Amino acid sequence: MFYRLAGVYHTTYAGERKLWPVPADRWQALGVLALGLLAPLLVGDLYLSSYLLPWLVWTAAALSLTLLMGVAGQLHFGFAAVMAIGAYTAIHLTRFGVPFEIALLGAGLMAAAIGSLFGAAALRVKGLYLVMATLAMQYLVDWTIINVPAISGGAQATLQAPEVSFLGAPMTNDTVQYYGALLWAAFLTVFIMNIKRSAFGRALVAVRDKDFAAAVIGVNVFRYKLLAFFTSSFLGGVSGAVLAFCYYEAVTPEQFSFDVSIQFVAMVLVGGLGSVIGAYLGAAFVLLLPIVLTNLVAGLADSGLLTISQNLQSHIPLMAYGALIIAFLLFEPLGLAKIYDNLRNYFRVWPFQHTRN
Amino acid sequence: MINRRGVLRSATAAIAAAAFAVSGFAGQALAQDKQPITFALLQDFTGVYTFVSNEYNQGQQDYIKMVNATGGVKGHPIELIVRDTGNEPQRGIEAYNRAVEEGAVLVDFLSTPVSRAMVPRVLEDEVVMITALHGRGDASDGQTFPYVFPMMATYWSQASVLAKYIEEHMGGLEGKKIAHVFIDSPFGREPLPILRELAERKGFEVKAFPYPSPGNEQSATWSDVRRWGPDHVTIWGAGGGQPVSIRTAIRNGISPKDILSVVWLARTDMRQVGFEAAKGVKRFAATATGRDTPVIQKIMETVIEKGNGTGDMENVGNVYYNIGVATMAASVQAAEHAIENYGAPVTGPKLKKGFEDIENFNAQGLMPPITITEKDHQGGGYGRVSMWTGDGWEPQTDWITAYQDIVWEEIEENAKQFEQGN
């Protein structure tokens, strides 16, 4: 019924290789984009600045990480540190008077340089050992930021994002910041989707599935592993800068702590490794669900339906959140993206389920 | 048909009458109660501040219940919004935006990372943020941070009070060696400039000994401390790291009598060290401990004994509970000034001025007398040193303040950096 494939004829190779070959998917993507563009008119300030905006920024970060973890199969437990490098670089550059557009590139390059340095460990180690190498990066970057006042901004360890403008639009009001984040998330969405169908993406997938098998069929594993770290760190660095300028407006070391790295890994895993829509769903799950649950429980408690201590009231959302993670992993280990895919498949043949093979 | 229409009509009339009655009652109810004042306590109940936030928040809620039970602030009840932020800045931002939309005029995050992230926002939105014993120390400069109120001794002032205590009660500072052992974070480093400046002036030696976060293993650090052989040790940590510091210090032959701690040291920490073993440890105290003060007595009478207490009754009178009570006592006092001097309804700017009208307020002996001015949002930097006696904290001094000239140099220097974007 929906997502119908019947009657869709591909008469050219280009048509068949479109990002969204099925018209229904295309319309759906356009519809979501339109909603995203109209969001400042549709939702109030609170939901725009506290929900949609961070969701887009975190999604951008999750997309950058899913390229490395999902597509190239290299585990990274220090992605917050990569973003920290980007955020601090961008802020220091703009404070020196560098235009914001160039500072964003600088943020990406610096993050990519340092990220690939630690990524070089991936050339020798795999799996859990690589996790250790990236963890080392997290701690070293944290330590450096805290212990070098020139980076962290002195005793209070806070640096405020200078007022900048992006392509002529001042990045100071919520709406411009929102569109900035939307632009970056939309760009990354199309970018990652395109990488996945390019030779580069296929090489990464080959490396992920078995690196020596990839070497046998002529993929230069050394080069592609490094490229994966470089690209992902570059995107992560820019995402960090976007996070600092569009959302926090100031950076402190805690915003890029180890916990945040774990949250990114969780987003990618819960969403579905290597999936673009999974990054959106995973970011929503990890970032927004705790907030929604907290408000829900607090609302129940305030209305007198739930008379419990403050302590328990604060922990119930955590329990529910944990239970949900376990439930999702039990029912669909491939992540939220797979649940979406199942729904899509269901509606594709609805109401003629018997036609599904 | 006519019949049915008649039924309909009478039903409509009945509904209209009911609606009228309801709105009438609501109108009456509104006329009786004055407009509530909303405070938002958006704290970390599940992250790293759990060691303090439960007791602290319990004290705050109990105090507000007491105020509401005894007529509110000049007839205005106080409404509290209490939410968990998990010490995550992005959750703090959401909770803050929501609270402001619901009309909050005062916010308290009790989390340094969240408060730091919120400074530019509260300055822009003109909402009062209290940062008692957390947040930026330089926010004491009311001219640079008009809406931020540390209202209690900053970490800088705490260090200066401890130094003063050593000077006056532990045989002077000159020629001494003082080890500053701290969690390796901006918070742990904060008092160092003050100690170094004092060391230069008073002719003693200071050496910094950081231990890695979260501080549940500090042996390497303390063996360095032992080798250096300090006369006194200041410990600067919070939560789980504190008892570990004291235990490891004792194991390294440092007498508990020579240990002086930042404000974050409570009965639970002493239980972990061992009540007897920890005898003699000294600590900066921002408020009185125990239930003897009139304010706590009144809370007992009007809230706790009526069964309306917020949490475990055992916590009443504990260190962090009383700090929570003190923050709300000062805030309510500010709201009272705001209504008295600038009229209801209380808004952010009026509450700010209300805070700056606070003069010699000590919450009937619960806290040192604080005076907040447009320039000084710290309130004077008072505190006292109390000692663990084996079953409780015994004040060793009166409320004192020390070397505020050095503290203010630091405050102004940092505030200037904030204006430049740090």
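How many residues of chain A are in contact with how many residues of chain B? In this predicted model, 32 residues of chain A meet 33 residues of chain B. Contact means that C-beta atoms, placed from the backbone, lie within 7 Å.

## Basis

This is a predicted model: local features need pLDDT of at least 70, side-chain atom pairs count only at pLDDT 80 or more, and totals for chains, interfaces and linings use all residues. Residues are numbered from 1 along each chain as its sequence is written, while chains are lettered from A and ligands numbered from 1 in the order in which they are written.

## Chain A against chain B

Four elements of chain A each supply at least two residues to the side that touches chain B: α3 (45–71), β1 (159–160), α13 (276–302) and α14 (310–331). Elements are DSSP runs numbered from the N terminus: helices are H or I of at least four residues, strands E of at least two.

By class, this side of chain A has 14 nonpolar, 15 polar and three charged residues. Ala, Val, Leu, Ile, Met, Phe, Trp, Tyr, Cys and Pro count as nonpolar; Asp, Glu, Lys and Arg as charged; the others, Gly among them, as polar.

## Domains of chain B

Chain B has domain 1 (37–153 + 293–381) and domain 2 (156–285), with bounds from an automatic or database assignment. Their centres, taken over C-alpha atoms, are 29 Å apart. Each domain gives twelve residues to the contact.

On the domain 1 side, α2 (50–69) and α12 (319–342) of chain B give two or more residues each. That side has seven nonpolar, five polar and no charged residues.

How values were computed
Contact = placed C-beta atoms within 7 Å.
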